Each structure stands twice: as C-alpha cells, then as structure tokens.
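Thank you all for making time this morning.

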Amino acid sequence: MKKTLLAYSLSLAAAACAVSPVVHADPTDLGAGFSLSGNATIVNDYRFRGFSQTDFRPAAQLGFDITHSSGFYLGNWNSNVSDFVINEGNLEMDFYGGWRGALAGDWGADVGVLHYYYPGSSSAKSGGNINNTDLYVGLTYKTYSLKYSYTPGDFFGAPDTSGTWYLDASGTYDLGDGWGLVGHVGYQRLKGGVQYTADGEKINGYVDYKLGVTKDLKGWVVGLAAVGANKDNWLPTKYGHPSGRLGAVFSVARTF
C-alpha cells in the first residue's frame with residue numbers, strides 16, 4: 001500500500017504550489033546584472049497540490065534565487081517532508097531554472113524546468129527512484145497567473161505515467177493596510193492508467209483549491225488559508241486520514 005499508493009501515485013512536493021504567502025524583498029546586488037534573494041517560511045502543514053506532505057505536521061522551508069537582469073534565473077527550495085509520504089526520505093530539495101520577463105503591457109511570461117529531489121528515497125530499500133522533473137510555462141497579468149506543468153518522464157516514479165500534467169491558476173489582491181487576499185485552483189491530470197484512492201475509487205484527475213488572507217507585519221508576512229482537494233482520500237496519511245481533506249494552513253514568511 002505504501003509503495004504503490006504513496007511512493008508511486010503521488011509524492012506531491014514542490015515549491016511552486018506550497019501555501020506560503022507571497023512576500024517580496026530587495027535582492028542583494030552581486031554585480032554584472034546578477035542578484036541574490038532568499039525566503040524562509042514556517043507552516044503548520046506543508047500542502048502541495050492540495051495534499052499534505054508532512055502528515056499534517058509543521059514544516060520549515062528555505063529557498064534561494066539568483067536572477068539576472070536579462071530575466072534568467074536559478075533557484076533552490078527545501079522543506080522537510082514525512083517519510084511515510086516519501087519512502088526513506090525526510091527532505092525535499094527542489095532545483096529550478098528558467099526565464100521570466102515582460103511581454104507587453106501588464107503581461108509577462110515564465111518558462112523553465114523544475115527537478116524534485118528526495119535524498120535517501122532512491123535506494124532499493126525505498127522501492128526505487130521517486131525523484132521527478134517538470135517542464136513549465138506560465139503567463140502572468142498584474143498579480144494573476146496561469147501555469148502549465150508537464151512531466152516528460154514517469155510521474156514521481158509511478159510506472160507508465162509519462163505525460164502527466166498540471167494546470168494552475170493563482171492570484172493575489174491587495175486589500176490595503178498590509179492585508180492581501182490569495183486564491184488558487186488547479187487541475188492535476190493523471191496519465192498512464194487509472195489511479196485509485198485509498199478506498200478503491202477510480203480517478204484520472206482531481207481539482208485542488210486554496211483561499212486565504214495575508215498580513216504584512218513589518219516584513220514578516222503571516223497567512224491563513226483554507227486548502228484541500230476534491231479527491232481528498234487519494235493519498236492517505238499514516239493513520240489512514242485523507243491528506244487532501246479541507247484544512248487550515250497557517251504560515252509565517254519572510255524574504256531576505
């Protein structure tokens with residue numbers, strides 16, 4: 001059960017769709033058009049595409065980005081995860097790179113590649129390699145975005161799942177006085193045969209969602225969001241609870 005449903009069906013990790021609030025800070029100038037920035041977040045539950053990665057437990061997350069004035073960037077993002085979700089793995093390390101820039105008016109684009117790496121999870125004892133690589137392309141308009149992610153290989157180690165994809169629509173709205181509104185809806189398409197929930201329900205895709213508020217407190221941004229998925233029992237927790245069930249996610253974040 002653990003190998004086929006948890007390690008194979010979905011490892012569910014990633015920086016792109018974690019529920020941390022969006023925060024901004026002035027990057028450090030490295031010269032020659034390069035700049036460095038970082039971000040740190042603490043959450044009571046790390047959710048990715050609607051599902052808990054920490055078995056409803058807290059996570060500490062840290063990331064770094066190097067950007068160039070031309071629009072090219074490289075980055076790394078890290079979070080603890082549950083070794084029940086990630087066989088023999090307690091850490092997620094994401095490495096990504098691409099280009100983002102303006103198109104016309106308030107429109108922009110973001111194109112790149114993202115690799116999910118779980119140290120210790122690739123051993124024979126863990127059941128095989130569950131690392132994953134996604135290609136992505138996105139459009140932005142002011143504070144709204146639409147992003148398409150495509151998996152050219154097996155999806156987090158699940159056999160014959162090449163071609164799995166995910167569509168993500170997100171947005172933020174300034175409410176004034178440091179308050180913000182955040183929203184997200186996504187659709188995960190599962191290729192390579194029918195996937196099953198814990199109770200045997202057949203699915204080939206699901207919808208996840210998030211709605212929350214943020215408050216900027218002198219550079220510290222706190223957030224509270226409702227997060228979940230319509231097929232919430234696809235990935236059960238260690239004690240059999242649906243890890244995609246509707247839940248409240250509290251976060252504290254800061255960039256540097």
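Predicted model: local features only at pLDDT ≥ 70, side-chain atom pairs only at ≥ 80, totals over all residues.

The protein has 1 helix and 17 strands, and of its 256 residues, 45% count as buried. Its accessible surface comes to about 12,100 Å², and carbon and sulfur atoms account for 62% of that surface. If we take the contacts between residues at least 6 apart in sequence, 55% of them join residues at least 24 apart.

Let me now move to the strands. Strand β7, covering residues 91-104, pairs with strand β8, residues 107-117, in the antiparallel sense and over 11 bridges; within this pairing, Asp94 stands opposite Tyr116 in β8. The hairpin that β7 and β8 form has 2 residues between the strands, and Gly105 there takes a positive phi near 60°. On β8 we also find the pairing with strand β9, residues 132-141, which runs antiparallel to β8 and is joined to it by 10 bridges, with Tyr141 in β9 as the bridge partner of Trp107.

Finally, where does Gln53 lie? Gln53 sits in the loop between β4, residues 51-52, and β5, residues 59-68. Is Gln53 buried or exposed? With a relative accessible area of 0%, Gln53 falls under the 20% cut-off and is therefore counted as buried. A polar atom of the Gln53 side chain lies 3.3 Å from the backbone oxygen of Phe51.

Conventions: Residues numbered from 1 in each chain as written. Heavy atoms only, no water. Helix = DSSP H or I, 4+ residues; strand = E, 2+ residues; numbered from the N terminus. Buried < 20%, exposed > 50% of the residue type's maximum accessible area, 1.4 Å probe, protein only. Polar contact = N/O pair within 3.5 Å; in protein donor to acceptor, adjacent residues only side chain to side chain. Contact = heavy atoms within 4.5 Å. Areas by Shrake-Rupley, 256 points an atom, 1.4 Å probe, with all protein chains shown as cover. Pairing = 2+ DSSP bridges.
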